[in-house]
Amino acid sequence: MKLQRQLLLVSLLLLALPWAGCQFVREIEGTMRQGQVQSLQATSQAIAAAMEDKPTLLYPDPRRAPTLPADEGSIYARESTAPIIVDGYADGWEPRFNTRLHTQLDNSAFALQYQAQTRDGKLYLLFQVEDDDVVFHNPGISREPNGDRLVLQTWLDDKRQQYVISTAAPGKVRGQFGGRRHPGTNPGRIQGVWQDAADGYTLELEMPLAMVGERLGFFAINISSRAGKSLGTVGNIDALRTAAPPWLIHSPAALRSTLDSFAQLGATVSVFDRGNWQLGEVRWNPPPKDTPGYNGEETFWLLKSIYRSILADEPLPALPNTDENGQRFADELGAALAGRAESKWYNAEASGSRATLSAAAPIRNRGIVIGGLLVQQDSEQYLSLTDRAFSRLLGYSLLALFIASAGLLGYASVLSWRIRQLSTAAANVVQKDKSVGKHFPRSSAKDEIGELSRQYADLLGELGEYNEYLRTLSSKLSHELRTPIAVIQSSLDNLEHDNASEEQQATYVQRAREGLTRLSGILTAMSEASRVEESIHATRAEVFDLVPVITELASAYTAVYTRFEVQLYTWVDEAAVYGSADLLVQAMDKLVENASSFAKPGAVIGIGLEEDVGGDHWLVWVSNTGSSLPTDMQNRLFDPMVSLREASSSDQVHLGLGLHIVALISTSFQGSVSAENLPDQQGVQFTLKLPKHAN
């Protein structure tokens with residue numbers, strides 16, 4: 001796989017940026033949700049505190065609170081959100097709130113469904129009666145109602161009051177007194193419309209709430225036109241009941257007025273009594289988008305869908321609603337009615353919200369819980385903030401991913417081009433004649449590829465020098481071997497003559513032996529370096545002091561090299577190093593021998609020991625007066641088979657291996673060796689740089 005593809009695959013790791021961003025947004029959303037929980041709980045408790053010790057807000061008749069749960073047959077009247085047209089039809093009513101009461105009458109069905117709503121201080125009632133034999137009132141028989149009719153029973157000033165609704169024909173109807181007349185009441189204010197239906201009739205009524213007195217009972221009377229049929233009734237109370245009728249549960253005007261002040265909270269506020277009946281509710285409706293000053297930003301639907309799927313948590317329970325009987329059963333509401341403030345998250349997909357938070361708090365009167373307050377708020381207004389953050393994060397992440405991928409691809413292309421250039425240069429450095437070229441491009445870049453290019457150049461330079469050394473090795477050896485071979489050849493030729501005297505023959509034999517000795521010395525010198533390298537690995541290293549070793553060597557060299565003046569220069573009393581003293585002596589022998597080869601008789605050979613400027617190394621040097629080193633040879637002087645000696649009159653073999661041995665020994669000490677001309681250019685100094693041993 002090419003480098004571009006490798007880096008392109010590596011760039012896919014940048015996908016971790018959007019992932020990390022999504023996790024960060026999740027954390028933000030979790031924090032905001034927790035903040036929403038705390039805020040909504042505080043809101044619910046504050047509203048509940050505002051209603052504390054005000055029982056009439058929930059119960060206009062304070063006697064209803066102790067009787068909870070309410071009597072069986074209590075009527076729940078919802079607060080209507082729209083005007084109600086009383087026309088005898090159920091078009092403006094919600095069928096799901098119907099409550100059906102029925103009885104069996106002589107093998108014929110007699111049933112009743114009813115609904116109740118309140119609006120602007122009035123009570124609206126809808127009755128759908130199932131009766132296969134509707135009998136209307138006949139005024140010719142009597143003035144009192146004698147046909148099918150509906151009886152309403154209220155409770156004012158602790159007294160029962162009945163109103164009868166009957167009609168001689170479908171159409172408008174009015175209430176009539178059905179018994180004792182209560183002062184100040186007008187049954188004519190009960191108005192409605194009676195309409196025929198396929199299975200009976202429909203009766204829709206309107207009456208003032210003030211006439212009810214917080215209690216309401218009703219029953220329908222069925223009259224049969226067939227002889228022998230009995231009278232039947234059905235309703236929430238019995239026709240002979242004299243006690244107070246069941247409660248009428250509705251939203252008090254004072255409570256609605258109180259809740260209206262919280263309409264701008266951005267939440268739905270509901271109040272429930274101790275029987276879980278909803279007494280009031282105020283909903284917050286966000287302003288439409290075309291409202292002047294509206295500055296809300298709508299997130300693109302695809303981004304919203306992606307964001308919702310990323311933030312999807314464990315499934316939430318469905319949001320409970322108020323049932324057809326006006327009651328709501330929820331965990332947090334039950335906790336509030338038990339005296340504890342709690343909150344819970346619900347799934348509210350049906351309302352277009354991913355989640356809805358419901359917080360409940362108890363409403364107390366003198367320390368006793370009389371109701372519960374429920375505040376519900378969907379998460380959309382909070383999620384809209386993280387929606388916009390997510391869209392920006394996604395955009396920035398994709399932009400960063402594109403830029404990073406393009407940058408990596410471009411960088412990979414440049415890097416691949418540089419590597420190909422280096423590979424091409426390395427392939428072309430070998431000439432057609434298998435020789436190594438001397439020209440290799442050296443990069444000036446300060447990175448790893450540039451360093452590799454320079455190392456290749458250095459390596460190929462050393463390889464070229466080594467090839468040059470091998471190429472000239474034969475001429476060097478032939479120069480050294482020619483003289484002893486010629487001596488041996490001439491001695492053998494002279495021995496072949498019979499006229500040579502014994503003395504001459506002995507001379508010829510001696511000369512031949514000297515030639516052989518010289519050849520042996522040449523071979524010994526050639527293998528000396530490899531033997532020293534092997535001895536370096538086999539020699540045991542230890543800590544020793546340089547001062548006594550150098551001092552003893554200076555005394556020995558004074559006795560050996562009598563033709564020169566050996567002087568010792570030391571500026572330290574103790575110099576500990578880690579290595580082999582024998583190897584150091586061998587290196588000093590080579591350096592002093594080299595110095596004696598170039599110094600003139602009577603010259604000074606200096607041996608010194610001192611501390612370097614940095615204080616981390618010891619410097620052991622040998623100097624001699626004489627010819628100086630060529631500048632181009634100072635770095636090559638310690639390579640094998642390199643020598644600057646001119647032809648000597650002595651028979652000593654010089655193959656340029658002595659200083660190479662010194663370099664090997666200095667490496668065993670973890671040190672180095674260098675050569676430089678003296679300041680006056682009248683000689684040369686060789687310096688061994690050896691690291692100090694830490695005590």
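This is a predicted model: local features need pLDDT of at least 70, side-chain atom pairs count only at pLDDT 80 or more; totals for chains, interfaces and linings use all residues.
1. Start with S358. Leaving aside neighbours within four places in sequence, S358 is in contact with E332, E342, S343, K344, Y346, L374, V375 and Q376.

2. Where does S358 sit? S358 is found in strand β18, residues 353-365. Its relative accessible area is 0%. Buried means under 20%, so S358 is buried. One of its contacts is E332. S358 and E332 are 26 residues apart along the chain, yet their C-alpha atoms are separated by 7.5 Å.

3. Now the chain overall. The secondary structure comes to 11 helices and 26 strands. Buried residues make up 43% of the 695 residues. Take the contacts between residues at least 6 apart in sequence: 65% of these join residues at least 24 apart.

4. Next, the helix pair α9 and α10. Helix α9 covers residues 546-560 and helix α10 covers residues 581-598. Their axes are 11 Å apart, and the helices pack at an angle of about 40°. The two are therefore oblique to each other. The crossing of α9 past α10 is right-handed.

5. Which residues make this contact? From α9 come L546, V549, I550, L553 and Y557. From α10 come L584, V585, M588, D589 and V592. By class, the contact has nine nonpolar residues, one charged residue and no polar ones.

6. In soluble globular proteins, nonpolar side chains tend to be buried together. Here, the largest nonpolar core has 46 residues. The residues with the most contacts inside this core are L546, L584, M588, I607 and L688.

7. I607 deserves a separate look. Residues up to four places away in sequence are not counted here. On that basis, I607 touches I550, A554, Y557, V566, Q567, L568, Y569, M588, V592, W621 and V622. Among these, I550 and Y557 in α9 also meet α10, and M588 and V592 in α10 also meet α9.

8. V375 links back to point 1: V375 is one of the contacts of S358.

Key:
Residues are numbered from 1 along each chain as its sequence is written. Side-chain values use heavy atoms; hydrogens and water are left out. Axes are lines fitted to C-alpha atoms, for helices over the stretch in contact, and angles run from 0 to 180 degrees between N-to-C directions. Helices (H or I, at least four residues) and strands (E, at least two) are DSSP runs, numbered from the N terminus. Angles under 35 degrees count as roughly parallel, over 145 as roughly antiparallel, 65 to 115 as roughly perpendicular and the rest as oblique. A crossing is left-handed if the near helix is turned anticlockwise from the far one by less than a right angle, and right-handed if clockwise. Contact means heavy atoms within 4.5 Å. Ala, Val, Leu, Ile, Met, Phe, Trp, Tyr, Cys and Pro count as nonpolar, Asp, Glu, Lys and Arg as charged, and the others, Gly among them, as polar. A nonpolar core is a set of buried Ala, Val, Leu, Ile, Met, Phe, Trp, Tyr and Cys residues joined through side-chain atoms within 4.5 Å. Buried means under 20% relative accessible area, exposed over 50%, partly exposed in between (1.4 Å probe, protein chains only).
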